[in-house]
Amino acid sequence: MADEKENNGEKKYKYSIIIPTYNERLNIAIIVYLIFKHLRDVDFEIVVVDDGSPDGTQEIVMQLQKLYGEDRILLRARAKKLGLGTAYIHGLKYASGDFVVIMDADLSHHPKYLPSFIKKQLETNASIVTGTRYVKGGGVHGWNLMRKLTSRGANVLAQTFLWPGVSDLTGSFRLYKKEVLEDVISSCVSKGYVFQMEMIVRASRKGYQIEEVPITFVDRVFGTSKLGGSEIVEYLKGLVYLLLTT
């Protein structure tokens with residue numbers, strides 16, 4: 001595997017953290033700081049895939065490169081918004097790690113959980129470790145009742161019809177073996193809100209071992225949520241599509 005090293009007789013792996021961004025100027029520096037804080041003894045790189053943010057996100061990332069090094073923070077920008085799935089595919093082209101972490105830039109996914117993801121993977125040799133809000137120790141902070149019910153209802157529907165073997169299908173905080181992510185993502189066709197659900201369902205159908213780590217999801221502090229009524233409609237369409245094709 002790439003950049004595999006020996007550390008006191010144990011293999012030391014490299015982790016590539018792919019963070020798609022669009023108008024995250026107020027958040028990106030904080031999340032980068034927190035990643036470095038919580039992964040002090042880990043070999044990692046951060047791949048920022050920015051979709052032409054007009055708010056100056058890329059300028060902040062370039063300042064972070066000067067601070068942390070261009071070998072630790074890779075800016076791989078695109079000209080415009082092209083979708084979450086293609087952002088991960090784009091970031092994968094530049095990821096040199098043995099494992100790939102995908103997470104949001106809006107601080108809803110706290111980097112403090114990354115050591116738990118890594119530990120779980122090393123203990124179980126799982127192909128995928130995914131954060132879940134819906135087991136003991138997990139939860140949501142900052143959502144109103146309607147959004148909580150919407151998210152919970154979406155997961156119950158998917159559990160009922162798709163039987164994916166995980167408790168949180170719509171989460172997007174995950175660690176993958178790099179080759180597993182490459183395999184799964186190449187078979188996905190969904191975009192937007194449905195993409196994460198298709199990823200985990202496809203992985204389950206392919207027989208990959210999936211483990212879960214409880215997380216508390218925190219609603220974004222800065223910026224506006226990208227989830228609306230149209231995304232819920234797309235989710236329902238995607239559920240039907242996966243029911244018919246997996």
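User: Why is aspartate 183 called partly exposed?

Analyst: In this predicted model, aspartate 183 has a relative accessible area of 26%. Buried means under 20% and exposed means over 50%. The value falls in between, so aspartate 183 is partly exposed.

User: What makes lysine 206 partly exposed?

Analyst: Its relative accessible area is 39%. That again lies between the 20% and 50% limits, so the label for lysine 206 is partly exposed.

User: How do you know that aspartate 183 and lysine 206 form a salt bridge?

Analyst: Their closest N and O atoms are 3.5 Å apart. The cut-off is within 4 Å, so the pair qualifies. Aspartate 183 sits in helix 6, and lysine 206 sits in the loop between helix 7 and strand 10. They are 23 residues apart, and the pair links distant parts of the chain.

User: What makes arginine 78 and aspartate 51 a salt bridge?

Analyst: Here the closest N and O atoms are 2.7 Å apart. That is within 4 Å, so the pair counts. Arginine 78 lies in the loop between strand 5 and helix 3, and aspartate 51 in the loop between strand 4 and helix 2, so the pair ties together parts 27 residues apart in sequence. Are these two residues buried or exposed? Both are buried.

User: Why is strand 7 called largely enclosed?

Analyst: Five of its five residues are buried, so the rest of the structure largely encloses strand 7. Ile128, Thr130 and Thr132 point one way, while Val129 and Gly131 point the other.

User: How do you know that strand 7 pairs with strand 9 and with strand 10?

Analyst: Pairing needs at least two bridges. Strand 7 and strand 9 have three, in the antiparallel sense. Valine 129 stands opposite leucine 175 there. Five bridges join strand 7 to strand 10, and these two run parallel. One of the partner pairs is isoleucine 128 with isoleucine 210.

User: What makes methionine 103 stand out in the largest nonpolar core?

Analyst: That core has 34 residues, and methionine 103 is among those with the most contacts inside it. Beyond its neighbours within four places in sequence, methionine 103 is in contact with residues including Ile17, Ile35, Leu114 and Phe173.

Terms used
Residues are numbered from 1 along each chain as its sequence is written. This is a predicted model: local features need pLDDT of at least 70, side-chain atom pairs count only at pLDDT 80 or more; totals for chains, interfaces and linings use all residues. Side-chain values use heavy atoms; hydrogens and water are left out. Buried means under 20% relative accessible area, exposed over 50%, partly exposed in between (1.4 Å probe, protein chains only). Helices (H or I, at least four residues) and strands (E, at least two) are DSSP runs, numbered from the N terminus. A nonpolar core is a set of buried Ala, Val, Leu, Ile, Met, Phe, Trp, Tyr and Cys residues joined through side-chain atoms within 4.5 Å. Contact means heavy atoms within 4.5 Å. A salt bridge is a side-chain nitrogen of Lys or Arg within 4 Å of a carboxyl oxygen of Asp or Glu.
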